[in-house]
Amino acid sequence: MRIINIEEKKQLMLDMLVEIDTFCREKDIKYFLAGGTLIGAVRHKGFIPWDDDADIALLRCDYERLVSSFKSKSGNIEIRDFRNNHDYIWPSAKFIHNKTVLIENNNKKSSIGVFIDVFPLDNVYGNKQAVIKYQRKVLLLKNILNVKYIPLSKDRKWYKNGVIAMSRILRLLPNKVILKIIHNLSTKYDNYIGCTYICSFSGAWGKKEISEKELFSNVVECQFENHNFFIPQGYDKFLTNIYGDYMTPPPVEKRMSTHKSIEYWK
């Protein structure tokens, strides 16, 4: 198999984004560019030059519609979710380019390909402190799921490797059980009226993933690699909450991808 270079990967992800955008517009499904993809759109009008991934987010109601109804016109994309794929080990869905292969560094169980992460945004009830406390419950389960597949490394402190080795007993607990509990906790308040906050329970930024719901009440269009995609109307406050001064690029020595997987053409 031939390795996919960075420019090929970005083009694949852009093609996927265009197809997803077209589908969502046809079905009136509201999505948003998220994470580094959102920063790239606002700051660079495209991919962050040194980054190599793509993320979108949706309010839970639109997320469920997208996961259950997406059909690829090109035939190159499929959406995977723990409910439709028996060896899928993540709590949020991914769009996978099915002509590619990827096995992430920290995961030796579930084979995927070049992908776009799809994050659901869920209602959470209560004031900010109550929401933070509730989020911690979900993150504990998510960490249990993650630690099951972290490999031992000679570059890691011995006692950390020891904790990881002892955690192998967690493999006796089926992924589906953990994922189902995470799903039930994440969606507990989605039918509540009057929730002020929403949370991306699958995100990587802890309590910074908690946002005022009103920031996502509407979408605006933003140019990304000569295409227009949707971003949340409150993108500035959302990005500032997570990244601080997101419009200032990091120092040159930190301009590198944090992803260490390798993708191949099938």
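L66 touches F23, C24, I29, I56, L58, I79, F95 and V118, leaving out residues up to four places away in sequence; contact means heavy atoms within 4.5 Å. Apart from the core around this residue, treated next, lies another core of 24 residues, among them V124, C195, Y197 and I210. The structure is a predicted model, in which local features need pLDDT of at least 70 and side-chain atom pairs count only at pLDDT 80 or more, while totals for chains, interfaces and linings use all residues. Residues are numbered from 1 along each chain as its sequence is written, and side-chain values use heavy atoms, with hydrogens and water left out.

The largest nonpolar core holds 51 residues, of which L33, I56, L66 and F95 touch the most other members. Its largest share, eight residues, comes from helix α1 (residues 6-27). A nonpolar core is a set of buried Ala, Val, Leu, Ile, Met, Phe, Trp, Tyr and Cys residues joined through side-chain atoms within 4.5 Å. Buried means under 20% relative accessible area, exposed over 50%, and partly exposed in between (1.4 Å probe, protein chains only). Helices (H or I, at least four residues) and strands (E, at least two) are DSSP runs, numbered from the N terminus.

Helix α4 (residues 128-147) contains K142. K142 is buried yet has no salt bridge. A salt bridge is a side-chain nitrogen of Lys or Arg within 4 Å of a carboxyl oxygen of Asp or Glu. The nearest side chain of opposite charge to K142 is E209, 7.0 Å away; Lys and Arg count as positive, Asp and Glu as negative, and His and the chain ends are not counted. A polar atom of the K142 side chain does lie 3.1 Å from the backbone oxygen of S202. This is a polar contact (a pair of N or O atoms within 3.5 Å; within protein, one must be able to donate a hydrogen and the other to accept it, and residues adjacent in sequence count only if both atoms are side-chain atoms). Beyond four places in sequence, K142 touches I182, F201, S202, G203 and A204.

Q135 also lies in helix α4. At 2% relative accessibility, Q135 counts as buried. Its side chain reaches the backbone oxygen of G206 at 2.7 Å. Neighbours within four places aside, Q135 is in contact with C199, F201, G206, K207, E209 and I210.

The model has 15 salt bridges. E263 pairs with K9, the closest N and O atoms being 2.9 Å apart. The two residues lie 254 residues apart, E263 in strand β11 (residues 263-265) and K9 in helix α1. E263 counts as buried at 5% relative accessibility, and K9 counts as buried at 7%. R83 forms a salt bridge with D81, with closest N and O atoms 2.7 Å apart. R83 is partly exposed, at 38%, whereas D81 is buried, at 1%. E212 and K237 meet at 3.1 Å, N to O. This pair joins strand β8 (residues 210-212) to helix α7 (residues 235-243), across 25 residues. K237 is partly exposed, with a relative accessible area of 40%. Salt bridges that share partners join R60, E64, D81, R83, D122 and D190 into one network.

Strands β9 (residues 219-224) and β10 (residues 227-232) run antiparallel and are joined by six bridges. Strands pair if DSSP finds at least two bridges between them. V219 stands opposite P232 in β10. The two strands form a hairpin with two residues between them. In the turn, E225 has a positive phi of about 50 degrees.
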